[in-house]
Amino acid sequence: MYESDALQIVPDSEITAVFDSLKPLFPKSIHAYYFIDSLVAWKKKVPEMDIAILTPKGGHKSGAVFFYFTGFNFLVFSVYTWTKEGEELLRSSLLETKRFQWVEFKYILVTCLTEEVYSALEPVIPKIFNNRPPPRISHDSVYWLPAEEVIKFDVIVPEGMRLDDLKKEHAEMINSFWPRRTGGSEKLIAMMTWVNFGKGLFKSNGDLVAWAFYCHHQQQHSQQQLPRPQQQSKQQTPHKPQQSQLEAPNVATGQGGGADGFASNKAKAGVHSRLTGATGPVGADWVGGSRRLGPGSGQGKGNTPPTGTTGSENPMTPAAKWTGGGRYQSFRADSLEAIEAMTDAEVHSARISGSSKKRVAVLTKAGKEYLQAKRLFLKICMKAMPYRLIVPDSEITAVFDSLKPLFPKSKHAYYFIDNLVAWKKKVPEMDIAILTPKGGHKSGAVFFYFTGFNFLVFSVYTWTKEGEELLRISLLETKRFQWEEFKYILVSSLTEEVYSALEPVIPKIFNNRPPPTISYDSVNWLPAEEVIKFDVKVPEGMRLDDLKKEHADMINSVYPYRTEGLEKLMEMMTWVNFGKGIFKSNGDLVAWAFYWFYGALGVVQTAENERRRGYGKVAVQAVCKEMGLRGLDVNLNIVEGNSVGEAFFNALSFKRSHKSVWIFSAPENE
């Protein structure tokens, strides 16, 4: 019937050749590889099911593969390409194939396409689905661990609990609590218990409290992924999904329940042993007044089946807020189901509608034992997985590309990161890092810091609502820093939006320290092409020269924001960055300014008995011009209420950008 179709079935004898084409492309091809592997095994167990591996004409040498199954009201498929010819063949094949009447399926799910494959498909998607409602597109991140690592997991079952295989009879209960269930999902769950497998954590009375499946789309040994566990209270009834979740024939193109598709922006959690399509509850491992290091301007699951479709809004689970692809939404905590993925800190920091706050408190207390069991299961599934990722050198440019369009508000972050990258090359032994949540710069947040000189100094920037939420959770859950071990902590120049996102968690971050001091300033800037025009005129009898390490002692002694260790930082700034000073003929230093550690003009000061003579202006212009010649825009911070500083920089044509917030924590006696 389909002998001349644009998509041809791969014969059993050529399946190995398909795998041989995909394996060298790991890890990007890992979803395709293990989905196909799972489908091949599944077809042997359930030969009557419509399951097939297809390629354009030319077989695997065409550079493209298409694989699918139908059933349970679904057409579920994915594709992978590894040549430009394959991309073109794929586009034309999807338009020409007669194998599928796209309109006959209640749900269509396209799973876990790479960005490259999606870009190749994007032009034809509207044509493929032209007789259906517009498909919903969402995004996620894929994670993986090799088999030799996951077999090392130490699975410790809590006392009084039992770990056992999931059976077909568990499918009804699991499906009833699954927030992304659809017509047919229970049957798919039941099938997964015997064509693949699942593991559950049971109480002594037989109640199932947590579970995970080795799911249909990724063949792994000991694969684990976290769905929505069972409620503890038998009196509570499961939250009923909205009508659209059960009946709307929306196309879930790239929209999965759990880890399927392009990552559901509603509810995904967990980690596969080798990989996952889920972003899940990313607990990223991250990281005023008396602003000691501040600027001195003039004086910061085996996932259950892939049956979740579009349109589900309630219950909004915490995981929904953390998925990489969807927009942030707050959620209603209508049942333990809606908070089961939360740690205690997350419960308190989450955005919860007012009507649900008391409900959350009651349910958290009532479900304490339940949550403990769930967390242990999560630990089993995620044991070896880092919470936060250091941005590799190859992706730093992508971070800059995310920040640059947001100028001038993102200037502090941009130039601080730029400076830290250069600093790390000069002082590789220092603890300096640029980090993002899992998902890299696409997570919408970046965290950057250095430690030393008795300080932890960091700042953050977010450009999506998801990034804000990831930031809050990350700061609460990080194990990278023991906050109390640092004598000083400085959070530099946060935008008001980022500070508002952080404000609810600041007391918890610093709960073992004296309350931090919050102060405000204004960020001002001038582009490189303007500062290089500065006409630096050195007064007669004076000398303009670079600052040296030996000048740090004197500068620090009169610096109003000095702290223990700051002198050594100033010494380092004289050679990892630079500073300019105005000197008398006898060698006395009378005014100075630095290209400071956060990539801005800073520590601008004139000796008290030498003021009102224009020396400070010369030092500032000299540093600014040098920064401009290096291709750097100049930004600086003026402490709130410093009218002298504002007038000084206004006269130099600096533009006010925005207000910023600094957070400083010091020992109680300082």
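Two strands count as paired if DSSP finds at least two bridges between them. Strands (E, at least two residues) and helices (H or I, at least four) are DSSP runs, numbered from the N terminus. You're looking at a predicted model, where local features need pLDDT of at least 70 and side-chain atom pairs count only at pLDDT 80 or more, while totals for chains, interfaces and linings use all residues. Residues are numbered from 1 along each chain as its sequence is written, and side-chain values use heavy atoms, with hydrogens and water left out.

**Stop 1**

Strands 15 and 16 pair in the antiparallel sense over five bridges. Pick leucine 544, and you'll find its bridge partner in strand 16 is isoleucine 582. Next, six bridges join strand 16 to strand 17, and these two run antiparallel. Which residue in strand 17 is the bridge partner of glycine 581? That's tryptophan 592. Carry on from tryptophan 592 to strand 18, where its bridge partner is glutamine 605. Strand 17 (residues 589-595) and strand 18 pair in the antiparallel sense over four bridges.

In the hairpin of strands 16 and 17, which has four residues between the strands, glycine 587 takes a positive phi near 95°. Then colour strand 16 (residues 578-584) by accessibility: six of its seven residues are buried, so the strand is largely enclosed by the rest of the structure. Buried means under 20% relative accessible area, exposed means over 50%, and partly exposed is in between (1.4 Å probe, protein chains only).

**Stop 1: the nonpolar cores**

Show the side chains of Trp423, Phe450, Trp596, Phe597, Leu601 and Phe654. These have the most contacts inside the largest nonpolar core, which has 75 residues. Such a core is a set of buried Ala, Val, Leu, Ile, Met, Phe, Trp, Tyr and Cys residues joined through side-chain atoms within 4.5 Å. Why does this core lie between domain 4 (393-521) and domain 5 (528-632)? Because both domains give residues to it; the domain bounds come from an automatic or database domain assignment. Apart from it lies another core, of 63 residues, among them Ala32, Phe67, Phe72 and Val76.

**Stop 2: helix 16**

Select residues 465-477. Helix 16 has 13 residues and reaches 19 Å from its first C-alpha to its last, close to the 18 Å expected at 1.5 Å a residue. That expected span is 1.5 Å times one less than the number of residues. Because 11 of the 13 residues are buried, helix 16 is largely enclosed by the rest of the structure. The buried ones include Glu466, Leu470, Arg472 and Ile473.

**Stop 4**

Five bridges join strand 6 to strand 7 (residues 197-203), and they run antiparallel. Look for aspartate 165, which stands opposite lysine 199 in strand 7.

**Stop 3: salt bridges**

How many salt bridges does a search of the whole structure find? There are 21, each being a side-chain nitrogen of Lys or Arg within 4 Å of a carboxyl oxygen of Asp or Glu.

- Lysine 84 and glutamate 87: their closest N and O atoms are 3.6 Å apart. Both lie in helix 3 (residues 84-96), three residues apart, about one turn of the helix. Lysine 84 is exposed at 67% relative accessibility, whereas glutamate 87 is buried at 14%.
- Glutamate 530 and lysine 533: the closest N and O atoms are 3.5 Å apart. Glutamate 530 is partly exposed at 33%, and lysine 533 is exposed at 60%.
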